Amino acid sequence: MGSRAAGINSGARLARSMCRCQSRPPMLPDTPTPRRFMPSGPLRGRIRVPGDKSISHRALMFSALAVGRSQISGLLEGEDVLATAAALRQVGVTIGRDGEDWIVDGVGVGGFLQPQGALEMGNSGTSTRLLMGLVASQGIAAVFTGDASLSRRPMNRVIEPLAQMGARFEPSAGGTLPLLLEGIEPAVPITYRLPVASAQVKSALLLAGLNTPGVTTVIEPVPTRDHTERMLAGFGAQLTVEETNGERVIRITGQPELKPQEIEVPGDPSSAAFFAVAASLVPGSDLVIENVGLNPTRSGIFTVLRQMGATIEELDPREVGGEAVADLHVRHAPLTGVEVDPALAPSMIDEFPVLFVAAALAHGRTVTSGLDELRVKESDRLAAMATALSGVGARVEEREDGLVIGGTGGEPLAGGGPIATHLDHRIAMSMAVAGLASRDGVEVDDTRPIGTSFPTFERLVGECEQ
């Protein structure tokens, strides 16, 4: 016991030293790469978007916690997911490649080793918050660092419940990165009601609960994406989900032995949304987007686009690894503004930037509300998109919790730029879509952030333009 405590204390001292050295977060290494996205001919043919980012993160993490070797196909090889893989290697997990597949030799629940350097998260909030949950209930210390964008994002909503379980934190001012986390083993199981709908906070607590004796309970007043629950159950975790008084109550029993899996990652619905909107807006488009994950906690964007009049047909619906999947056949159609039900927000929170683009070219007015969460993403996405769309000819009113957008009635946006992307991949891609449906094109100030989630985006845009 004494030697283990000495190791933890040594790791904590190393982590504090690294935290002081990392007080200024690294920037992206290269110079900005601006690009003007020009008006498009019809989008036609068949494309396949990269693997789902949320599932890719979790596939690596849960495989790392299994006892034995897991195989993952279709993993998204964007910068965010690669940051997760790099961090897992630093805590002792062996991760490699076999052709197109990824191979993970798990160390078991509670088997992480003390990292010898800071865990560099890049731009990935998902990597950061979920790995904080994993480290919180293990006897190691770690420093989490990130790029300039991630280092502005608040972590207090994860820090507060994990501290209740016994973990200790030394964040930067405002609860941001760089951040020192000293885990505790054994941690204390808690019951926690989420004050804000957040799949990342929920997942962090469930992952901390994996190595915590007893039962950890998370209560969701508003359902969020449920990949964590589905995948943990598939790996053999002792997990239950119940509906009580309109709330989801998720309980996980700690210290199971997870079983290795073969995982097929479906296409990311967030990535598919950019092409679904583009094909809906550009006249003559007739596009099939293959192998799209349609988990009901993630597919709100397609529900709202259909309410606006989009023609989106699901071909060959099927189930892959417990997730609903289909090919989406999208054809150009005139869109009409709607009032978006705030209850749909958790199922499409990352897709609102590109929905705002669709609204800018619709007939009539689109009203969105209940989107406070968008102000603490990679950027303040409400302010960023209001400024960006106004700058290319759209009529936008910014409210505290949403945007009101007056559409052009199908007429192209004027275009313009350069648009400030604020190192936010979804702002960059959304305004690229706006450029395809503009008169003079839209210039974004930097396309580098696109690589965090959709490294093939620009190539696919070129392939389906005809």
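Which residue takes a positive phi in the hairpin of strand 8 and strand 9? The answer is Gly174, with a phi near 80°, and the views below place this turn beside other parts of the predicted model. In this predicted model, local features need pLDDT of at least 70 and side-chain atom pairs count only at pLDDT 80 or more, whereas totals for chains, interfaces and linings use all residues. Residues are numbered from 1 along each chain as its sequence is written, and side-chain values use heavy atoms, with hydrogens and water left out.

**View 1. The hairpin of strand 8 and strand 9.** Strand 8 (residues 168–172) and strand 9 (residues 176–182) pair in the antiparallel sense over five bridges, where helices (H or I, at least four residues) and strands (E, at least two) are DSSP runs numbered from the N terminus, and two strands pair if DSSP finds at least two bridges between them. Phe169 has Leu181 of strand 9 as its bridge partner, and three residues lie between the strands.

**View 2. The hairpin of strand 12 and strand 13.** Strand 12 (residues 238–244) pairs with strand 13 (residues 247–253) in the antiparallel sense over seven bridges, and Glu242 has Val249 in strand 13 as its bridge partner. Two residues lie between these strands, and Asn245 in the turn has a positive phi of about 55°. Gly246 is found in the loop between the two strands and is exposed, with a relative accessible area of 60% (buried means under 20% relative accessible area, exposed over 50%, partly exposed in between, with a 1.4 Å probe and protein chains only).

**View 3. The largest pocket and its lining.** About 710 Å³ of space lies in this pocket, an open set of points on a 1 Å grid over the protein atoms alone, where a 1.4 Å probe fits, with protein on both sides within 12 Å along at least five of seven lines; its lining residues have an atom within 4 Å of a point. The volume is the space filled by probe spheres set on the points, which are joined across faces, edges and corners. Of the 41 lining residues, Ala197, Ser198, Ile349, Glu373 and Lys377 lie nearest the centre of the pocket. Helix 2 (53–65), helix 4 (125–136), helix 6 (199–210) and helix 12 (425–436) each give two or more residues to the lining, and helix 2 gives the most, with four.

**View 4. The largest nonpolar core around Phe275.** Phe275, Ile289 and Met431 touch the most other members among the 76 residues of this core, a set of buried Ala, Val, Leu, Ile, Met, Phe, Trp, Tyr and Cys residues joined through side-chain atoms within 4.5 Å. Helix 8 (residues 269–281) gives the most to this core, with nine residues. Apart from this core lies another, of 65 residues, among them Leu60, Met132, Ile190 and Ala208.

**View 5. Ala428 in helix 12.** Ala428 counts as buried because its relative accessibility is 0%. Leaving aside neighbours within four places in sequence, Ala428 is in contact (heavy atoms within 4.5 Å) with Thr421, Val444, Asp446 and Ile450. The C-alpha atoms of Ala428 and Thr447, 19 residues apart along the chain, are separated by 6.4 Å.

**View 6. The buried residues of helix 9.** In helix 9 (residues 300–307), Gly300, Ile301, Phe302, Val304 and Leu305 are buried, and these residues pack against helix 8, strand 16 (311–320), strand 17 (323–331) and helix 10 (352–360). Gly309, which follows helix 9, has a positive phi near 110°.
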